[in-house]
Amino acid sequence: MKCDIFIRSYKKDSEWLNYCIKSIKKYASGFNDIIITYPEGDDCCNHSFAKNFPIKEIHSDGYIDQQLTKLNANKYTGNDTTHILFIDSDCCFFDKFTPDTYCINESPYVCITHYDYLDIPWKSITQDIMGIEIEYEFMRRQPLMYRKESLIDFQNWFLDTKSITLTDFMANVEGRKVSEYNILGSYVYYINGHDKYKWINTNLDLIPYNPIRQFRSWDGINEKIREEINNYL
């Protein structure tokens, strides 16, 4: 396995990103590269030890652009990369981890929750995009690991099925009616690649240990949060 860590950030999250990167440097081992992508001009997100890619945004809402970047993450990885671990800027590790931390018997695991237990809008939104009936929500926690080939297969399937590239589709999304990890997760679960992953039903299965603290960047960073993060670091 050759696994890259992939982060999509922007200048308003630069303090979160700095803490996230420090935690990766302290606790991570066994990864191939760290890849940071950010909008053009947000150079405060650039880190000298990582592979940095400024992205030209195409949508009026940066929320959609960051989702598109993640769904195109394979385009920023090396040729030998086989897996991608997605992490948001507002996450901080507090214990040692490797790519195997997010695998079971060498297969990446994905946590899923049946929509009967949730009150969120992604079910109908994802069904409208994918054109299939969907039972589960696939965006249960950070980080998420996917095989690189799954992203490539999904992009090709989207073009073949919708007669439009994923990039062109996302550029014309109205509002925020898309969830990147839900459309990718539903593709892998229902259409192609199901047996290459382990699926953890949060209502039935033991949830694996996850050495990460996921914050909420929209709430901002206060002194209490800084103290907590500094204790990890």
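The exercises below, each with a worked solution, concern a predicted model.

**Exercise 1. Helix 2**

Task: Decide how far helix 2 (residues 62–71) is enclosed by the rest of the structure, and find the contact made at its start.

Solution: 
- Step 1. A residue counts as buried when its relative accessible area is under 20%.
- Step 2. The residues of helix 2 that pass this test are Tyr-63, Ile-64, Asp-65, Gln-66, Gln-67, Leu-68, Thr-69, Lys-70 and Leu-71.
- Step 3. That is 9 of the 10 residues, so helix 2 is largely enclosed by the rest of the structure.
- Step 4. At the start of the helix, Asp-61 places a side-chain oxygen within 2.9 Å of the backbone nitrogen of Tyr-63.

**Exercise 2. His-59**

Task: Locate His-59, state whether it is buried or exposed, and list backbone atoms that its side chain reaches.

Solution: 
- Step 1. His-59 sits in the loop between strand 3 (51–55) and helix 2.
- Step 2. Its relative accessible area is 11%. The cut-off for buried is under 20%, so His-59 is buried.
- Step 3. The side chain of His-59 reaches the backbone nitrogen of Asp-61 at 2.9 Å.
- Step 4. The side chain of His-59 also reaches the backbone oxygen of Val-173, at 2.7 Å.

**Exercise 3. The largest pocket**

Task: Describe the largest pocket by its volume, its lining and the classes of its lining residues.

Solution: 
- Step 1. The space in the largest pocket is about 1,100 Å³.
- Step 2. Its lining has 32 residues, and those nearest the centre are Tyr-63, Gln-66, Lys-70, Asp-88 and Trp-218.
- Step 3. Helix 2 and helix 6 (180–191) each supply at least two residues of this lining. The largest share, 5 residues, comes from helix 2.
- Step 4. Sorted by class, the lining has 15 charged, 9 nonpolar and 8 polar residues.

**Exercise 4. The cavity**

Task: Count the cavities of 30 Å³ or more, then describe the lining of the largest.

Solution: 
- Step 1. The count is 1 cavity of 30 Å³ or more.
- Step 2. The largest cavity holds about 100 Å³ of space.
- Step 3. Its lining consists of Tyr-102, Tyr-109, Val-110, Cys-111, Phe-138, Arg-140, Arg-141, Pro-143, Leu-144 and Met-145. Strand 7 and strand 9 are the elements that give two or more of these residues. Strand 7 gives the most, with 3 residues.
- Step 4. By class, the lining has 8 nonpolar, 2 charged and no polar residues.

**Exercise 5. Backbone exceptions**

Task: Identify a cis peptide bond and residues that have a positive phi without being glycine.

Solution: 
- Step 1. Most residues other than glycine have a negative phi, and most peptide bonds are trans.
- Step 2. The bond joining Gln-142 and Pro-143 is cis, with omega about -15°. Pro-143 lies in the loop between strand 8 (136–137) and strand 9.
- Step 3. Glu-106 is not a glycine, yet its phi is positive, about 75°. Glu-106 belongs to the loop between strand 6 (103–104) and strand 7, and it is exposed, with a relative accessible area of 66%.
- Step 4. Ser-163 is not a glycine either, and its phi is about 60°. Ser-163 lies in the loop between helix 4 and helix 5. At 65% relative accessibility, Ser-163 counts as exposed.

Definitions and conventions: Residues numbered from 1 in each chain as written. Predicted model: local features only at pLDDT ≥ 70, side-chain atom pairs only at ≥ 80, totals over all residues. Heavy atoms only, no water. Buried < 20%, exposed > 50% of the residue type's maximum accessible area, 1.4 Å probe, protein only. Helix = DSSP H or I, 4+ residues; strand = E, 2+ residues; numbered from the N terminus. Polar contact = N/O pair within 3.5 Å; in protein donor to acceptor, adjacent residues only side chain to side chain. 1 Å grid on protein atoms, 1.4 Å probe; cavity = no way out; pocket = protein on both sides within 12 Å on 5 of 7 lines; lining within 4 Å. Points joined across faces, edges and corners; volume = space filled by probe spheres on them. Nonpolar A, V, L, I, M, F, W, Y, C, P; charged D, E, K, R; others polar.
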